[in-house]
Amino acid sequence: MKILLTGANGYIGKRLLPVLLNQGHEVVCCVRDEKRFPKEGFYSNPKISIYEVDFLKESLPNAKIKDIDAAYYLIHSMSDNTASFEKLEELSARNFVTLVQQTGAKQIIYLGGITNEEKLSKHLASRKKVDDILRSGGIPVTSLKAGIIVGSGSSSFEIIRDLVEKLPIMVTPKWLNTKTQPIAIRNVLEYLAGVLLKKDTFNQSYDIGGPDILTYKEMLLQFAEVRGLKRYIFTIPVMTPRISSYWLYFVTSTSYKLAVNLVNSMKVEVVAKKNDLNEMLNIHLLNYKQAVERAFQRIEQDDVISSWKDSLVSSYQNDTLLSHINVPTNGCYKDERVKAISGNADQILNNIWAIGGERGWYYGNWLWNIRGHMDKIFGGVGLRRGRTHASEINTGDTLDFWRVLAADKPNKRLLLYAEMKLPGEAWLEFRIIEKEQKAYLQQTATFRPRGLWGRLYWYSVLPFHYFVFEGMAENIINYKTEKP
């Protein structure tokens, strides 16, 4: 069968794609930017075709996308980068329906959130509105409404991990007593694949959750048990939503705006209405502890396929991000280091590809950490996003407080763009170049200031550049991995 997959670069889409391929389907992937779509491994499968489609723009349907059997709608934003993100989600859903109507699709499969309470958060209300729009197009819709999704790289998993592993004692807001029904990512994928063109599920809506109904406090404590940690949690009624959001923002890797939406949603009870879908599809549901254990098995094997941190959210309207792939020269300050490579150039390239995350930045990691804390204080992303994989990088990935604009290993080039709070724009580029039968590491930091404050910022940090960038280049050259 021929399947249309939206959100193919997203957390769920990246994990559903190999499942569909293993079932023998041909998959048409709709992505906002083809450059962010991996090309290696199973992504090079000839049954994958890729089309750039921005559902936030009013445009005619793509006539090349046709003869589709079923379509997945996995476009979703938990962010609030604009004041009208609900309208953007509605626009995206309407444009999706317009496109799918000309493909001959027999089914739309939608993954949303459980919306059983009368009073919903802005986020959950928007999810319900999207469901209504998808059903207005005349194509049978199967809605799967999930609770908190637990898996390596999922936002809920990473936030809980941050809290449990960093805080032995937690003084928390009262919404930690709200009940929820978490579900393992493995089960979510089984549901998504299982309802595919199953006529009994057409025009039906199913709540999907795991076997456990837990409070958020119980989730934290059970997570700690799996990790062999003793944790103490005290809930107090005086934390306002704003204070709760700042609490999540400073302790975890989430952004402040995402924290606001999470707090608003966590005040709403999310418990699934009973149905027999798991029996119909013969799905064995994992309990919460089993889901956490499986997530850590993935992490320990360095086999995390996708992370919520890498996704460009649907309400992200900065269309200029990837235009930064060509580093400017006019009106910029540069710090360039060129180091001769006396050993194996491939080893140096591997060192570049391992930068950030657990490996760190090769020199002055404590300075990078201070910069990350400062970024958090001023509302930035900080260093806590880390990286998805220890040695692999793809265009579009997050790398601490950088975004990967180009990860071209064959041509020995890595280009990063700063997503930290800055009075300007910053790039960090690594190249291995060959000249006169010798190899060199070329490391270039570029800063384009914004006004007087930008120029003052550059000169204020200039004394650190010699030590940090010089030390970084030297240590990338000289770093040796320990052999087991």
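Visitor: How many bridges join strand 15 to strand 16?
Guide: This is a predicted model, in which local features need pLDDT of at least 70 and side-chain atom pairs count only at pLDDT 80 or more, while totals for chains, interfaces and linings use all residues. Residues are numbered from 1 along each chain as its sequence is written, and side-chain values use heavy atoms, with hydrogens and water left out. Strands (E, at least two residues) and helices (H or I, at least four) are DSSP runs numbered from the N terminus, and two strands pair if DSSP finds at least two bridges between them. Strand 15 (residues 398-399) runs antiparallel to strand 16, and the bridges joining them number two.

Visitor: Why is strand 16 described as largely enclosed by the rest of the structure?
Guide: A residue is buried under 20% relative accessible area, exposed over 50% and partly exposed in between, using a 1.4 Å probe and protein chains only. Strand 16 (residues 402-408) is largely enclosed because, of its seven residues, the number buried is five.

Visitor: Which residue of strand 17 is the bridge partner of A407?
Guide: Strand 16 pairs with strand 17 (residues 413-418) in the antiparallel sense over six bridges. Their hairpin has four residues between the strands, and K412 takes a positive phi near 60° there. The partner of A407 in strand 17 is L414.

Visitor: Which residues does L349 touch, not counting residues up to four places away in sequence?
Guide: L349 is found in helix 11 (residues 345-353), and its 6% relative accessibility means that it counts as buried. L349 and K412 are 63 residues apart in sequence, yet their C-alpha atoms are 6.8 Å apart in space. With contact meaning heavy atoms within 4.5 Å, L349 touches K409, K412 and I432.

Visitor: What is the angle at which helix 1 and helix 5 pack?
Guide: Axes are lines fitted to C-alpha atoms, for helices over the stretch in contact, and angles run from 0 to 180 degrees between N-to-C directions. Helix 1 (residues 11-22) and helix 5 (residues 185-194) have axes 10 Å apart, and the angle is about 60°.

Visitor: Which residues of helix 5 make the contact with helix 1?
Guide: On the side of helix 1, the contact is made by Y11, I12, R15, L16 and V19. From helix 5 come I185, L189, L192 and A193.
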